[in-house]
Amino acid sequence: MELTKNELQIMTVLWHVGKPLTGAEIRQQSAEKTWKDGSIHIILNKLLEKGALAEHGFIKDGKTIARTFVPAISRKDYYETHFAGYAPEDIPDVFSALLHTAEDDAELAGKLKDIIRAWEHKET
């Protein structure tokens with residue numbers, strides 16, 4: 001499953017918040033959005049078609065009834081499928097490129113070390 005930049009922004013909000021949200025709530029939570037407010041329904045419907053998003057239910061929002069949405073795929077599962085096509089020899093370059101975009105962060109460094117340690121123990 002390939003997500004566009006706008007679709008990934010919406011999924012990131014839902015993954016981060018961790019609870020069902022309406023389209024309006026997603027717009028409010030999307031500080032770094034690159035899409036126009038009026039196109040959110042188009043993007044949400046595309047995510048539904050792709051199977052990345054699921055309808056959770058409905059809530060009363062003022063005078064209207066609004067759908068709520070939840071991720072149908074976890075962040076980890078999305079990235080596992082997204083990076084599945086890389087050859088093992090490409091992994092160091094991909095890893096380096098991803099780190100290049102991240103800020104220095106001791107907590108992130110610790111998490112990455114834990115992941116590498118777990119991977120090393122899995123291999124033995």
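Me: Helices (H or I, at least four residues) and strands (E, at least two) are DSSP runs, numbered from the N terminus; which element gives the largest share of the nonpolar patch?
Reply: The largest share, three residues, comes from α5. This is a predicted model, in which local features need pLDDT of at least 70 and side-chain atom pairs count only at pLDDT 80 or more, while totals for chains, interfaces and linings use all residues. Residues are numbered from 1 along each chain as its sequence is written, and side-chain values use heavy atoms, with hydrogens and water left out.

Me: Which residues form this nonpolar patch on the surface, and what makes them a patch?
Reply: The patch consists of Y86, I91, F95, L99, I116 and W119, which together have about 580 Å² of accessible area. The elements giving two or more residues to the patch are α5 (91-101) and α6 (106-123). A nonpolar patch joins side chains of Val, Leu, Ile, Met, Phe, Trp or Tyr within 5 Å, each residue having over 30% relative accessible area and no salt bridge.

Me: Why is F95 called partly exposed?
Reply: Buried means under 20% relative accessible area and exposed means over 50%, with partly exposed in between (1.4 Å probe, protein chains only). F95, which lies in helix α5, has 35% relative accessibility and therefore counts as partly exposed.

Me: Is L44 buried or exposed, and how do you know?
Reply: L44, found in helix α3, has 0% relative accessibility, so L44 counts as buried. L44 touches I10, G23, I26, L53 and F69, not counting residues up to four places away in sequence, where a contact means heavy atoms within 4.5 Å.

Me: What makes a set of residues a nonpolar core, and which residues have the most contacts inside the largest one?
Reply: A nonpolar core is a set of buried Ala, Val, Leu, Ile, Met, Phe, Trp, Tyr and Cys residues joined through side-chain atoms within 4.5 Å. The largest has 18 residues, and those with the most contacts inside it are I10, M11, I26, L44, L47 and L53. The elements that give two or more residues to this core are α1 (5-17) and α3 (40-50), and α1 gives the most, with five residues.

Me: Why is the pair K50 and E7 called a salt bridge?
Reply: The closest N and O atoms of K50 and E7 are 2.6 Å apart, and a salt bridge requires a side-chain nitrogen of Lys or Arg within 4 Å of a carboxyl oxygen of Asp or Glu, so the pair qualifies. The pair links distant parts of the chain, with K50 in helix α3 and E7 in helix α1, 43 residues apart. K50 is partly exposed at 34% relative accessible area, whereas E7 is buried at 4%.

Me: What separates K76 and E80 by about one helical turn?
Reply: K76 and E80 are four residues apart in helix α4 (residues 75-82), which means a separation of about one helical turn. They form a salt bridge in which the closest N and O atoms are 2.5 Å apart.

Me: How do you know that β1 and β2 pair?
Reply: Two strands pair if DSSP finds at least two bridges between them; β1 (residues 53-61) and β2 (residues 64-71) have eight, in the antiparallel sense. They form a hairpin with two residues between them, and G62 in the turn has a positive phi of about 70°. F58 stands opposite R67 in β2.

Conventions:
Patch = residues over 30% accessible without salt bridge, like charges linked within 9 Å, V, L, I, M, F, W, Y side chains within 5 Å. Areas by Shrake-Rupley, 256 points an atom, 1.4 Å probe, with all protein chains shown as cover.
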